[in-house]
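Subject: Structure handover

Hello,

Here is the structure I promised to send over.

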Amino acid sequence: MTIRIRSAQLGDYPALCSLFEEVDALHRINHPEIFQKPAGPVREFEYYQTLVSDAKIGLFVAEEGEQVVGCVHVIECNAPPIPIFMPRRFAIVDNLVVSKDFQRKGIGQKLMRTAQQWAANKGAASIELNVYHFNQKAISFYKNIGYQPISQKMRKTLGGGLLPPDRADRT
């Protein structure tokens, strides 16, 4: 198997929607109170165009032959200008997906190396990510490639808070 990593292109949209659906389904199953299946595409094309064209976003795909089998989405960030924070540039991995049939073949590691190199080239001091606690497989993967916990997000359910469907602005 020969895996090639390259920058995503507009023509990759259908393949990436399939990959995003795989990871979205995992999140919907484990947190249906947070995630839902959209009525339309899993990512709107306009949003995808932004991912491909924004210089502060790296979107890379893994190809096996002509088939897109994985992707990583990484964002260049700066610490907020609040006195407690050290001024610094860092990157955030927003999404890493490898198709179920291609997992455990080193593709995720190649994608993460690409994201890390992209971030380093942007002058980032570090690269960070968020992973849900249910996803122990991903947590193990990230620990195995050198990532360490820096915070823990916690929640307590209070029972309210769901917005009616007519509140599309979600404010």
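This is a predicted model: local features need pLDDT of at least 70, side-chain atom pairs count only at pLDDT 80 or more; totals for chains, interfaces and linings use all residues.

Five strands make it up, in the order S1-S2-S3-S4-S5. The sheet is open, and its pairing is mixed. S1 (3-7) and S5 (127-129) are the edge strands. Each has a single partner strand, so one side of each has no neighbour in the sheet. From one strand to the next, the twist averages 30 degrees.

Now the pairs. S1 runs antiparallel to S2 (residues 57-64), with five bridges between them. Isoleucine 3 sits opposite glutamate 64 of S2. S3 and S4 are also antiparallel, over nine bridges. There, valine 72 has leucine 96 in S4 as its bridge partner. S4 and S5 run parallel and are joined by three bridges. Valine 93 stands opposite leucine 129 in S5. As background, strands of a sheet pair through backbone hydrogen bonds, in either the parallel or the antiparallel sense.

How enclosed is S4? Seven of its 10 residues are buried, so the rest of the structure largely encloses this strand.

The helices

H1 (residues 13-30) lies across S2, S3 (67-78) and S4 (89-98). Its direction is at about 75 degrees to S3. H3 (residues 107-121) lies across S1, S2, S3, S4 and S5. H3 runs at about 30 degrees to S3.

The loop residue

Look next at arginine 104. You will find it in the loop between S4 and H3. Arginine 104 has a positive phi of about 65 degrees, although it is not a glycine. Is it buried or exposed? Arginine 104 is exposed, with a relative accessible area of 81%.

Last, the second largest pocket. It holds about 1100 Å³ of space. Its lining has 26 residues. Closest to the centre are Asn130, Val131, Ser151, Gln152 and Lys153. Which elements supply at least two residues each of the lining? They are S5 and H4 (136-144). H4 gives the largest share, four residues. By type, the lining divides into 13 nonpolar, nine polar and four charged residues.

Best wishes

Terms used:
Residues are numbered from 1 along each chain as its sequence is written. Side-chain values use heavy atoms; hydrogens and water are left out. Two strands pair if DSSP finds at least two bridges between them. Axes are lines fitted to C-alpha atoms, for helices over the stretch in contact, and angles run from 0 to 180 degrees between N-to-C directions. Contact means heavy atoms within 4.5 Å. Buried means under 20% relative accessible area, exposed over 50%, partly exposed in between (1.4 Å probe, protein chains only). On a 1 Å grid over the protein atoms alone, a cavity is a set of points where a 1.4 Å probe fits but cannot get out, and a pocket is an open set with protein on both sides within 12 Å along at least five of seven lines; lining residues have an atom within 4 Å of a point. Grid points are joined across faces, edges and corners, and a volume is the space filled by probe spheres set on the points. Ala, Val, Leu, Ile, Met, Phe, Trp, Tyr, Cys and Pro count as nonpolar, Asp, Glu, Lys and Arg as charged, and the others, Gly among them, as polar.
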